[in-house]
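Work through the exercises below with the sequence and the model open. Try each task before reading its solution.

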Amino acid sequence: MNHGKLVRPLLNWFAHNARDLPWRRGRDPYAIWVSEVMLQQTQVKTVIPYWERWMRALPSIAALAQADSAQLHKLWEGLGYYSRVRNMHTAAQVIMQEHAGRFPREYAAVLNLPGIGPYTAGAICSIAFNQPRPVLDGNVIRVLTRVFGIGAPTRKQATQKKLWALSDQLVHQAAELEASGQNACSRLNQSLMELGALTCTPGQPGCERCPLTACCVAWKQNRTMQLPNLGERPAATSRRFVAVVVECQGRFLVRQRPARVVNAHLWEFPNIEIEPGRDQLGAVQLQSAAHQALGFAPARLEPLCSFKHAITRYRITLEVFRAKLDGAREPGRCRGQWLGLVELDKLAFASAHRKVLELFRDAVQPLTRR
C-alpha cells in the first residue's frame, strides 16, 4: 500500500473534524504532557475538567515540581492509576534539576523521564515539537490493524513491532509535506488518534464517514468487527471487602494507604478483605471483620451501602456498614485518624471510598442525633 495515499486524506480529515480540546489550543509541551498522561486509560470527556483544574492549580513545570503529595493526589482524585501522578511529580523535579526547568526537546531525554514510555514520548515530541516520531495507542492500533488488515494478536511482540513500523512510516511520510508549514507530523499523529476515537471505533464504526475507506483492507474484506485481534483477556478475579464508617463525637475514622500498593497514599475507611461469596454476613462474621478493620468492635453495626467496582482484573464487592460510638473519646487502639467532614473533604480518597463518603453524608445524620 502506498502510505502517501493515507497521509493527505488523514490530514484533510483532521483539519475539518478535530475536536476543540483545550490542550490543542497551544503547543506547550507541559500542557500536552499533562493531557497525554491523564488520557491513559481515561476518556477525553472525563479528562477535560481534570486537565483544566490541574492547569489552574499547577500552570508550570516549576509549580508541579514544588507541589506536595497531598495536593497532587487531590487534583488527581478519581482518575485512578495514581502512579501516573507520582511519576509526573518526580519527572518535573528531574526537569528542574537536569534541564533548567525547560521541557526537553530531544526524544531520548523525554523518554528517559520517569513514567514516560515510547507512546507518550512520541506524542509529546510530535505534537509539541512537530518531530517525526511515531505513536501507538489503542486508537492508533485499531486504525492501523483495520486499514492494513493485520489479523495477528496485537499483544504479540512481532505485531507490535510491525505496527510501530507502520506508524513510523506514516509520520515520516507526513514530514515530507513540511514545505507547507502546516505542522504535518503533529497533525498526522493526532489524526490517527482522533480517527480511532471518533470514527474507527470499537463498536459501530462509521466506515461511511472514514477518509480511509477506499484503502481499508478490513472494509474491503468485511473484517472490520474482527479487528484488532486483542487475544484472550485474563479471567476476572472476584474479591469482597467489608468497610466500616464509624463516628465518635462528629469525627470519623479514616486511614491512609501505604506506599507501593494499589491506590498508594490515598485515604479510605477502615476495611478488610473477606472470602468472596454470595451469602450474607452473619453477626459473628461481621463483628470479626469490623474488629480486624478497626482494632475494636463497635456494639452496633448498621448496613450503609453495597456496590461493585473494578480495579485492573479484579471485580470487587464492597459492603459498607456504619456505627456510632457513644463515648466521649475515640478508642485508643484504633488504626487510623479521627477527622471531621470538613477535613475529610480536603483528602484524596480512593474512588470507591469517595463514593462512600458522599453516600453517608445524609445517612449518618440520624446516628449523630442518638
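This is a predicted model: local features need pLDDT of at least 70, side-chain atom pairs count only at pLDDT 80 or more; totals for chains, interfaces and linings use all residues.

**Exercise 1. Which residues of helix 6 are buried, and what covers them?**

Step 1. The buried residues of helix 6 are Arg84, Val85, Met88, His89, Ala91, Ala92, Val94 and Ile95.
Step 2. Their cover includes helix 2 (29–38), helix 3 (44–57), helix 4 (61–66) and helix 5 (69–76).
Step 3. After helix 6 comes Ala100, with a positive phi near 55 degrees.

**Exercise 2. Describe how helix 8 and helix 11 are oriented to each other.**

Step 1. The axes of helix 8 (residues 118–129) and helix 11 (residues 184–198) come within 7 Å and cross at roughly 130 degrees.
Step 2. Angles over 145 degrees count as roughly antiparallel and 65 to 115 as roughly perpendicular; helix 8 and helix 11 are therefore oblique to each other.
Step 3. Helix 8 contributes Tyr119, Gly122, Ala123, Ser126 and Ile127 to the contact, and helix 11 contributes Cys185, Ser186, Asn189, Gln190 and Met193.
Step 4. Sorted by class, this contact has 5 nonpolar, 5 polar and no charged residues.

**Exercise 3. Where in the chain do Glu194 and Arg19 lie, and is each buried or partly exposed?**

Step 1. Glu194 and Arg19 form a salt bridge, with their closest N and O atoms 2.8 Å apart.
Step 2. Glu194 is in helix 11 and Arg19 in the loop between helix 1 (4–17) and helix 2; they are 175 residues apart.
Step 3. Buried means under 20% relative accessible area. Glu194, at 1%, is therefore buried, whereas Arg19, at 27%, is partly exposed.

**Exercise 4. Which residues are joined with Glu77 and Arg354 into one network of salt bridges?**

Step 1. The side chains of Glu77 and Arg354 form a salt bridge of 2.8 Å, N to O.
Step 2. This pair links the loop between helix 5 and helix 6, which holds Glu77, to helix 15 (residues 351–363), which holds Arg354, across 277 residues.
Step 3. Glu77 is buried at 12% relative accessible area, and Arg354 is buried at 13%.
Step 4. Through shared partners, salt bridges join Lys74 and Asp345 with Glu77 and Arg354 into one network.

Conventions. Residues are numbered from 1 along each chain as its sequence is written. Side-chain values use heavy atoms; hydrogens and water are left out. Buried means under 20% relative accessible area, exposed over 50%, partly exposed in between (1.4 Å probe, protein chains only). Helices (H or I, at least four residues) and strands (E, at least two) are DSSP runs, numbered from the N terminus. Contact means heavy atoms within 4.5 Å. Axes are lines fitted to C-alpha atoms, for helices over the stretch in contact, and angles run from 0 to 180 degrees between N-to-C directions. Angles under 35 degrees count as roughly parallel, over 145 as roughly antiparallel, 65 to 115 as roughly perpendicular and the rest as oblique. Ala, Val, Leu, Ile, Met, Phe, Trp, Tyr, Cys and Pro count as nonpolar, Asp, Glu, Lys and Arg as charged, and the others, Gly among them, as polar. A salt bridge is a side-chain nitrogen of Lys or Arg within 4 Å of a carboxyl oxygen of Asp or Glu.
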